[in-house]
Amino acid sequence: MKIRTIPLLLLCCLFFLGACTSMPPDIRNFSAMEIPYQTVSQNAEAHKDTPVRWGGTVIEVENEKDSSLMQVLFYPLDRSGYPETGKPGEGRFAIEISEFLDPAIYTKGAEITVTGTIKGSIERTVGNKTIHIPLITAKNIHLWPQTYREDSTYWNNRYRYAPPGYYGYPFFYNGYYRPYRFWW
């Protein structure tokens, strides 16, 4: 009986390891500094030419003749580089890139992760107020597909709607650890 369970256990392990998400290669292969957004927004000039990996949701895309400028609402990144939009946004930043960014693709609210260097700050008008926001010269912009958010929401919320007393079957029940017998 134990000989049958070993291949099944190995197969399950391979399945779960294959399901683990990792950072996409276009943003993973970049050595970035972990600098908090608030630190940079207070004094962007002090962090000039610092490599960063930031993310958030698109606010607006402005295309010029030879470059594009995108405003983004900053959210912290999770370990796979995805913006954690369930947390509060911390502020705006701008991305400058020499490529054309199609506003039909980079729509308002789309999640992105960018790698690049801090260039300084840029002045923008929001309503009647003029603000200074950090400016990043982008090396790569990763646009997250809509299905990624839907899939991660499913996996993060699937235990939230469990019956009362359920704490991770089969090991915990009503808050206590209880070993169980295998059913096969």
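Strands pair when DSSP finds at least two bridges between them, and strands (E, at least two residues) and helices (H or I, at least four residues) are DSSP runs numbered from the N terminus. This is a predicted model, in which local features need pLDDT of at least 70 and side-chain atom pairs count only at pLDDT 80 or more, while totals for chains, interfaces and linings use all residues. Residues are numbered from 1 along each chain as its sequence is written, and side-chain values use heavy atoms, with hydrogens and water left out.

**View 1. The pairing of strands E4 and E5.** Strand E4 (residues 111-126) runs antiparallel to strand E5 (residues 129-143), and 14 bridges join the pair. Threonine 125 has threonine 130, in E5, as its bridge partner.

**View 2. The loop around aspartate 49.** Aspartate 49 sits in the loop between helix H3 (37-42) and strand E1 (51-63). Its phi is near 65 degrees, a positive value in a residue other than glycine. Aspartate 49 is exposed, with a relative accessible area of 60%, where buried means under 20%, exposed over 50% and partly exposed in between (1.4 Å probe, protein chains only).

**View 3. The largest nonpolar core.** A nonpolar core is a set of buried Ala, Val, Leu, Ile, Met, Phe, Trp, Tyr and Cys residues joined through side-chain atoms within 4.5 Å. The largest one holds 23 residues, of which Trp54, Met70, Phe93, Ile95, Ile112 and Ile141 touch the most other members. Strand E1 gives the most to this core, with four residues.

**View 4. The surroundings of phenylalanine 93.** Leaving aside neighbours within four places in sequence, phenylalanine 93 is in contact (heavy atoms within 4.5 Å) with residues including Tyr37, Trp54, Met70 and Ile136.
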